[in-house]
Amino acid sequence: MMIGLWGMISKNNLIKKLIGMSIFQTAIILFYVSVAVKSETANIPILPHHGHDYSPKIALAHAVSDDHENGGHDDHAGHQAHPVGPKIPDPDGYANPLPHVLMLTAIVVGVATLGLALAITQKIYREYGTLEEDQLLEKVRADDHG
Amino acid sequence: MKKLAGIVVFTVGLILLYGVSSLDDFPSWGTPDSPANKSPLSQYFIKNTIVDTEVPNMVTAVLADYRGYDTMFETVVIFVAGLGIFAVVRVFEHGGASRVVTADTKPDIIITNTCRLLIPLIQLFALYVLAHGHSSPGGGFQGGVIMGASFILVALAWDLDIALKRFSEKQAFICSGIGILIYAGFGLASVFLGEEFLNYGIIHKILPGVDSPEMARYYAMLGVEIGVMFTVTSIMFLIYGLLATRGKMTAGL
Amino acid sequence: MIFAFDFIILLFLIPVAIVALQLKDLLAAAMVFGIYSFLMCLLWAEMGAVDVAFTEAAVGAGVSAVFMIATIFNTKRNSSD
């Protein structure tokens, strides 16, 4: 992050400044993603088996079909019905999905900003003929005075 | 000036490191007990994504359904960036030395034949990423970027003119507008049926073959991601075309 | 989440960022920026953020580097700093 900030401030060339800005942005996204990490045994935020263990509808469908299979067998004494109900995903077993969502938006907005900044850089080059910051400042001041 | 910048950056870096490491009120890295991980929103999302929407990928569900308003405006931001680049670059000076730098190379035979084999596979993969965003990492943005990159590959391997013959500038702009309209259309469909904007659960009354609010949200999320993909693809290709040729959209890279 | 792996990638990341800013040839700087983007993508994938890593891989390699190279092609290639 600090390298990106230093690059933005102190580099002379405009494109190096843009590279510094991008480095800065990705480092901030790294910071947010590191907030979302849970301990070393947590899983990625996608439910396994297409979520079939957890969805209430599919659990209900399985319960109905199970009853249908066992329907003829309830003369066994002590036959227990399967406990029906979906499992609830354990919040400690999955990484936190909220910062991931915000960072997806941040990456895409960063790309849009980079594209726009590069277009403006091209216009500056076409107008003044140089991309170095100090030469640009001289030319702009000369234009203002003249 | 540069030394001053260096000193400032170093000091800020030291302050940040001190703040993160040695204070006692920062939770240690990666515990399940930190305030971000125990917040009621995160717990709600992890527990209730599958119940409300039948979508296993929590990130896609939060992005397209719970925070769908954000995603809609993010798509608008991409569209406006494309428009902005168009407006910045497309101003032609009258006369003046406009030296268009062209690369005078004929399309090389190895590259064109390899790309002829690869580009359909890349586009198929982009559609797969879009469609499978519900149960694996992926979704609208990723698929859109990959599809846009395939068009850029056409422009790089052959000429930009050939790419423009397939997907001209006007078509690209219209396509990106259609993407946003699809997104807003899903939201407005919910409004017309009596619920709030972007509350997809009520759409199950008009979609054929969908019988419950949860599956309606599933399919509406897929439709919304398709809208996002249209916009992202066309804007990525447009930005490349405009940047590479300084707006003239003739033979460039 | 695996601490040693994180540490090695982070250790690579800092010199790559400094090199991307110090090179005089802008085309090479754009490529090294692509390397930086890819290392970040690995880091996020290892931390469990697979969607974010996928997006960064697609965007950083496919789109961001290409835009920069297109701009450098139309402006100067070497910088004096």
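**Notebook: helices and a chain contact**

I started with chain B, which has nine helices and zero strands (both are DSSP runs numbered from the N terminus, helices being H or I with at least four residues and strands E with at least two). This is a predicted model, where local features need pLDDT of at least 70 and side-chain atom pairs count only at pLDDT 80 or more, while totals for chains, interfaces and linings use all residues. Residues are numbered from 1 along each chain as its sequence is written, and chains are lettered from A and ligands numbered from 1 in the order in which they are written.

Next I looked up burial: buried residues make up 40% of the 253 residues in chain B. (Buried means 20 or more other C-beta atoms within 10 Å of the residue's own, exposed means 12 or fewer, and partly exposed is in between; C-beta atoms are placed from the backbone.)

Then I moved to helix H2 of chain C, residues 26–46. H2(C) has 21 residues and reaches 31 Å from first C-alpha to last, close to the 30 Å expected at 1.5 Å a residue (the expected span is 1.5 Å times one less than the number of residues). I found that its buried residues include Phe33(C), Tyr36(C), Met40(C) and Trp44(C). Seen down the axis of H2(C), the buried residues fall within an arc of 160 degrees, so they line one face of the helix. (The arc is taken from the directions from the helix axis to the C-beta atoms.) Their cover includes H2 of chain A, plus H1 (3–22) and H3 of chain C. Just after H2(C), I spotted Gly48(C) with a positive phi of about 100 degrees.

H3(C), residues 50–74, was my next stop: 25 residues reaching 35 Å, close to the expected 36 Å. I noted a kink of about 40 degrees centred on Gly60(C) (the bend at a residue is the angle between axes fitted to the seven residues ending there and the seven starting there). H3(C) is mostly covered, with 20 of its 25 residues buried.

Last, I checked where chains A and C touch. I got 34 residues of chain A in contact with 35 residues of chain C (contact means C-beta atoms, placed from the backbone, within 7 Å). On the chain A side, H4(A) gives the most, with 11 residues.

How values were computed:
Two residues are in contact if their C-beta atoms, placed from the backbone, lie within 7 Å.
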